[in-house]
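Subject: Structure handover

Hello,

Here is the structure you are taking over. Please look through it first, then read the notes below.

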Amino acid sequence: MPSLLERDAHIDRLDHLLAECLGRAGRVALVDGPLGSGKSELLRVFAARAAERGVLVVGASCSAQERDLPFGIADRIAHSPGWPARHAERLAALADPAVLAHPSGSAAGTALDGTGATADPTGPPSPPLLRACRDLTTALLAAAADTPVLLCVEDIGHADEASLHFLRHLVRHLPQSRVLLVLTDGSTPWPARRRLHAELLRHPHAHRLTLTPLSRAGALRLVAEGLGEEDARHRGPGLVDVAGGNPLLLHALVDEHLDRADEPEPRYGPALLSCLHRAGPGVLRVVQARAVLGEEAPDEDVARLLGERESAEAVARVRAALTAAGLLDGEGRLRTAAAGADVLEDLAPHERTDLRLRAAQLAHESGSPAAEVARHLVEAGRAPAPWAVAALAGAAEHALLDHRHGTAVACLRLARQEAAEENERAVLRHRLAQAEWQLNPSAAARHLVPLTAAVRAGHLGLAEALVLVRYLLWHGRGEEALGVLDLLRARTGTASPAGTGALRDVETWLAYTHPGLARGRRVPALPADLRHAVAPDVDPHLRAAAALAGALTRGRAADAVDRAQQVLNDAHLHGRTPWAEEAALLALRVLLEAGRADTAAVWSQRLLGTAARRGIPTATALYSAAHAEAALRLGEPTTAAEHSRAALTHLSPTAWGIAVGLPLGTLIVAESRTGEHRSAAKHLTHAVGEAMFQSLYGLHYLFARGEHYLATRHGHAALADFLSCGELLRTWGLDGAGVVPWRTQAADAWLRLDNRDRAWRLIHEQLSRADADLPHNRGPALRLLAAAGPAGRRGPLLTEAVDLTEASGDRYEQVRVLTDLSRLHQGAGNKRRARLLLRQALHMANMCALGPLAQELLSVSADLGESGPAADEAPEPGGVGALTESERRVASLAVLGYTNREIAGRLYVTASTVEQHLTRVYRKLGVRRRKDLPADLRAGLRKTG
């Protein structure tokens, strides 16, 4: 591959020196430059040019592995093929290392062996060596008298000491010879190298040629020569960016690309390794040490990691050399994030482990943060030091606080593996299960059996045991959970009032969330003066969860709204505590049961965003499911379905445990309302265990199944599910809690089965409940009461139901009430009013993607004969005509069912302006509320919009 770019000036200089040599003016040239800058390639090209001119080319390359071989380079020069026959035997005999005494001045190399630092041949040579250098120089110059010689010696920094004495002796005797001596070496300013260069270059016939990295244009040319113009146009800039103008690295990158052309990014790491191996083991060790410690590690720390023999100055020189060569970026860092892993992968596994353990030891001794110590221990996969387990546990705690659950899991796994005491291993396993829970509850399930055994053995405290109860219940292991609770109750007794309080809180929470298991269990009693005591190691959010669960159990959700808002407001501060999510979910449940679905939607969306940003799959799934339910309560089935599917994506149905009934149930109802009945039916085939039906999750699923059956006209099946919901709630003692409106839905099923008497009784039962006045409960009940009762009472009941459903924000129920009211006016002969209500209902059904209801409304529209503005819809003189253009636009949107906020958004005005316009519209038209607005305003929208 042609690669000698931007080196024309150097070739010309060498040609000039060769011309002088041919005129019997011997010269020496030192070619230096950074690693991989093309010194060898330059020498190869020049040697070929010299050979074409009849010059004898003799070459030798020094190696760090042969540095201890006396006279090794001199021997290779003397035995080089090409010497005239009458000189070859003489040269070979004189270069025999056996004739040499051991040289004096035994020089010490540097600790970073192979980095380019050379031996220090400053001591006087022994007499035998001096005689050998003289005799060999004389013989070589005699051979050059007949034939001009180009003597090339590469990498003199690795030459043995005796050969360096010979080369220095030769340099002194070159001026009247026909020998051009070209030496190559690195440009890094090692102390020994500086002395050698100075000694060689102090002669007037010595010259220095320094190579530098390629310019960007030159580097792009090199890539184009290797890949071709078309490929280089796309890939060239990326390869050049990571090569830093280094020809050797560029060649390696091009070769890597040719071997793996399908990979999108240049493989900088392997290419860099090939260059570092050329530099020697010492350089590679420095790069590997920096990869272990991090790119920001000071040179002193790198030197300490490499061993006591190393110095920070030597490390700095290596870094400077690699930066000058372009192998590192301008700040001395590896050019890609993956390169560090690549250079470490070059180590044998045991070497990598030892390096990581030494790094951990040094970090611990220097007082580095636990996270830094733990990082090395985790990478090593071992923690043998006495302090290591504590460092890992501390790092895990910090990681959990920062919501880096993957890091926490890695630290805790290793800490548990290395811990010596059984109690310590049990606590670490519990913390590990808690961290894994946030990533995937299925992963945490493998810890349940050993954690249960640890509780029975007394290795875990009350707080850990209560969290274990929650995990067991999630995975449907109710009997085991009750066994742990009974053990804790027997163990705690009355000796710890605060502990008894914590148990009472769990039992209270259990009575609402898993009532099938709590039935018949006696909640531990507490003295009045200790009812607010909290055990120091028990999560305070457990108390909050118990308080909210207690309010829900008693049907007092409205009284707990302020407490729920406070819990939600603090939720983002306590994401690490195991009961915080449970408290937040119960707080959202309180808002829903109190008729505050809009507020619940805002909070769940906020919590969902926080969990997603923190990358916590379990919390993200839980809050997605909660937001889906709030959206369903607001009559937004497409939003509900979207978030339910997301919840089942963030966690698999298996990972959801028995709680899968929550997102699955919401999804089934949402798809039933949008007409996706086949998809909803498919979700009903998901296998759910019997354990789910001892919890509210099972009740939610059962109620959803009934809604699906009702939507698909399976009235008897729907009725059976709704009545089963009622039976469960009565058995659990939660019928007064208003968990699901089973009576309302069962009444709807009875009506569809044409049994008005049973429907009427169920509706009256519903309306006699304590929470019957809440708009989201009373509105649907009045709609069904109107359908089941006498015709004469339907108008007032439906009119009140319209107001209630509008107040609750449930657009699905609004559409149903408006549809019934439209039919009522149609039956009374008031087609104008019927059409207005129908249009409002149809607009809302289409806006909320309520497919089946929209189809039903279209059939009603056909019955009304509506195909355009009818005669009875003509505007009355002095009525609609008296409105201004702005008032007409606002009123037209109001007729279609848009809220004040939505109208403001569409017309780019404030909600207050919309309200003022509507007030004037009501006054001009002589009506009191928006549902009395005339239908012909819709025509006004077509004219103005």
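Helices α37 and α39 are roughly parallel to each other, where roughly parallel means an angle under 35 degrees, over 145 is roughly antiparallel, 65 to 115 is roughly perpendicular and the rest is oblique. Helix α37 covers residues 742-752 and helix α39 residues 775-788; they pack at about 25°, with axes 10 Å apart. The axes are lines fitted to C-alpha atoms, for helices over the stretch in contact, and angles run from 0 to 180 degrees between N-to-C directions. Their crossing is left-handed (the near helix is turned anticlockwise from the far one by less than a right angle; clockwise would be right-handed). On the α37 side, Thr744, Ala747, Asp748 and Leu751 make the contact. On the α39 side, Pro780, Ala781, Arg783, Leu784, Ala787 and Ala788 do. Contact means heavy atoms within 4.5 Å. By class, the residues of this contact are 7 nonpolar, 1 polar and 2 charged. Here Ala, Val, Leu, Ile, Met, Phe, Trp, Tyr, Cys and Pro count as nonpolar, Asp, Glu, Lys and Arg as charged, and the others, Gly among them, as polar.

Some background. This is a predicted model, in which local features need pLDDT of at least 70 and side-chain atom pairs count only at pLDDT 80 or more, while totals for chains, interfaces and linings use all residues. Residues are numbered from 1 along each chain as its sequence is written, and side-chain values use heavy atoms, with hydrogens and water left out. Helices (H or I, at least four residues) and strands (E, at least two) are DSSP runs, numbered from the N terminus.

Next, confidence. pLDDT is the predictor's confidence in each residue, from 0 to 100. The chain has a mean of 86, and 89% of its residues reach 70 or more.

The axes of helix α27 (residues 540-553) and helix α29 (residues 580-593) come within 8 Å and cross at roughly 25°. α27 and α29 are therefore roughly parallel. α27 passes α29 in a left-handed crossing. Their contact has 10 nonpolar, 1 polar and 2 charged residues.

Helix α20 (residues 422-439) and helix α23 (residues 462-474) have axes that come within 11 Å and cross at roughly 45°. That makes α20 oblique to α23. This crossing is left-handed too. His430, Ala433, Gln434 and Trp437 of α20 meet Glu464, Val467, Arg470, Tyr471 and Trp474 of α23. These residues divide into 5 nonpolar, 2 polar and 2 charged.

Last, the rings. The whole structure has 7 aromatic pairs. Rings of Phe, Tyr and Trp (its six-membered ring) pair if their centres lie within 6.5 Å; planes under 30 degrees apart are stacked, over 60 edge-to-face and the rest tilted. The centres of Phe71 and Phe166 are 6.3 Å apart and their planes at 70°, so this pair is edge-to-face.

Best wishes
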